[in-house]
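Please look at the charged side chains in the structure below. The numbered points that follow are meant to be read alongside it.

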Amino acid sequence: MLDLATTKVHDEARQGEQFAPFTNDPNSYGKRFYIESYGCQMNFADSEVVASILNKEGFGATRNVEEADLIFVNTCSIREKAEQTVRKRLTDFKRLKSGKPGTLIGVLGCMAERLKSKFLEEEKLVDIVVGPDAYRSLPRLIDEANDGQKSVNVLLSREETYADIAPVRLNSNGVSAFVSIMRGCNNMCSFCVVPFTRGRERSRDAASIIGECRDLFEQGYKEVTLLGQNVDSYHYIPKEGMEADAVSFASLLEQVAQISPELRVRFSTSHPKDITDDVLHTMAAYENICKCIHLPVQSGSTRVLQLMNRTYTREWYMKKVDRIREILPDCSITSDIIAGFCTETDEDHQDTLSIMDYSNYVYGYMFYYSERPGTLAQRRYQDDVPLELKKKRLQEIIEKQNQLSLNDYKKDVGQTYKVLIDGDSKRSSEQWVGRTSQNKVVIFPKQENAEHKKGDYVQVTISDCTQATLFGAIV
């Protein structure tokens with residue numbers, strides 16, 4: 001089932017991924033933890049913070065849930081499907097616990113805040129409930145749960161950024177890493193639960209971000225993605241500092257890019273109202289800042305955008321696209337699109353299809369609207385577009401995006417691009433897979449007797465494509 005899109009990007013291949021960062025860990029542990037993660041990149045980054053905290057408490061990671069003393073599910077409240085999946089997994093883990101009574105089961109993340117009483121009291125599925133701002137309290141909560149108490153901390157914070165906790169990298173390819181730069185969201189989009197589950201925006205100490213990115217580069221990583229619900233609103237004022245000392249997102253982006261020209265920099269996600277010319281000019285000035293912007297539109301109809309509380313019009317968004325094209329002509333733009341939001345008409349839907357044509361998205365995250373409890377839309381509007389009509393409109397959006405993607409990828413045939421090698425292709429160990437600055441996947445054969453390895457940059461000439469993949473050869 002496809003449902004609600006948000007400004008958070010979900011990698012479907014990673015949903016339910018088990019945490020296993022300690023492949024070559026020389027330490028021995030008396031206790032093991034198991035984490036399954038769902039949702040967006042922010043949730044996976046949070047699992048790395050949790051792993052670091054648990055590791056310091058003497059827990060080692062395992063991918064075998066049956067040997068775990070502590071089982072956590074890091075959850076997402078954005079989509080109905082995710083909630084259904086998490087509840088099923090918790091039921092499975094509760095059954096497993098009946099054969100191993102000392103095991104503790106916990107829920108982390110966005111669902112923890114919203115469904116704490118259901119999980120603890122009504123359904124009795126878990127022992128520990130921890131919200132996104134309360135991970136530092138995990139050692140105390142684990143002790144309480146071991147003593148037989150039901151432990152919960154879902155308090156939201158105006159300060160917590162976990163700036164001083166070095167994440168333990170989750171299933172990393174050793175090439176790319178996510179770095180969280182801010183938490184929470186101040187945008188009250190009517191369809192979205194994030195402001196209620198992750199709290200208000202607060203920006204992480206700029207020096208700690210630069211330090212983490214530099215450490216990653218020194219460890220051999222070649223790409224970092226700066227993460228936030230809305231990275232463009234990053235605004236950090238050092239302690240004892242004044243507004244004049246504030247670090248903007250454009251300034252932060254530049255400082256990360258200056259670590260080394262060999263370190264690629266990406267970011268996600270941008271709210272159209274906040275991405276500035278300063279950011280665009282910074283991207284243009286540094287070759288290693290990737291030319292790809294995720295710019296969620298959600299709808300092409302000004303009327304629907306107002307109902308969504310997106311704070312921009314159709315025409316304003318189109319001018320922002322024009323500005324990106326003007327300053328960064330080689331930049332790819334990707335988007336989120338919702339089909340069938342409350343009161344959406346056929347005319348509104350056609351506006352969405354036409355803005356897709358205008359923006360020429362390289363790819364999009366496309367869903368039909370699913371009402372989420374606690375949101376402004378759920379309280380104010382009636383979810384009145386029939387499900388079959390939502391599905392029909394969604395299919396038209398998907399077909400439109402497939403054609404846009406194919407047309408765009410065809411333009412790359414015959415061109416040569418700098419590609420960062422991520423590793424072996426899933427198709428064959430005789431092929432590399434990598435990505436361009438525009439975040440397009442490229443598959444190309446390994447060269448005989450060449451010393452290329454993952455993490456290397458190579459020049460690849462494109463010879464063929466599908467709507468989602470480029471094929472070529474090293475030149």
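**Note on the salt bridges**

1. K390 is buried, at 4% relative accessibility (buried means under 20% relative accessible area, exposed over 50%, partly exposed in between, with a 1.4 Å probe and protein chains only). K390 forms a salt bridge with D383, the closest N and O atoms being 2.9 Å apart; a salt bridge is a side-chain nitrogen of Lys or Arg within 4 Å of a carboxyl oxygen of Asp or Glu. D383 is partly exposed, at 30% relative accessibility.

2. The model is predicted: local features need pLDDT of at least 70, side-chain atom pairs count only at pLDDT 80 or more, and totals for chains, interfaces and linings use all residues. Residues are numbered from 1 along each chain as its sequence is written, and side-chain values use heavy atoms, with hydrogens and water left out.

3. How many salt bridges does a search of the whole structure find? The search finds 27. Side chains of opposite charge can pair when their charged atoms come close.

4. D346 and R393 form a salt bridge, with the closest N and O atoms 2.8 Å apart. D346 lies in helix α12 (residues 346-359) and R393 in helix α14 (residues 387-410), so the pair ties together parts that are 47 residues apart in sequence. Helices (H or I, at least four residues) and strands (E, at least two) are DSSP runs, numbered from the N terminus. R393 is buried, with a relative accessible area of 3%.

5. Between K440 and D408, which form a salt bridge, the closest N and O atoms are 2.4 Å apart. K440 sits in the loop between β19 (431-435) and β20 (441-445), and D408 in helix α14, 32 residues apart. Both K440 and D408 are buried.

6. A network of salt bridges links E36, K88, R89, D92 and R95.
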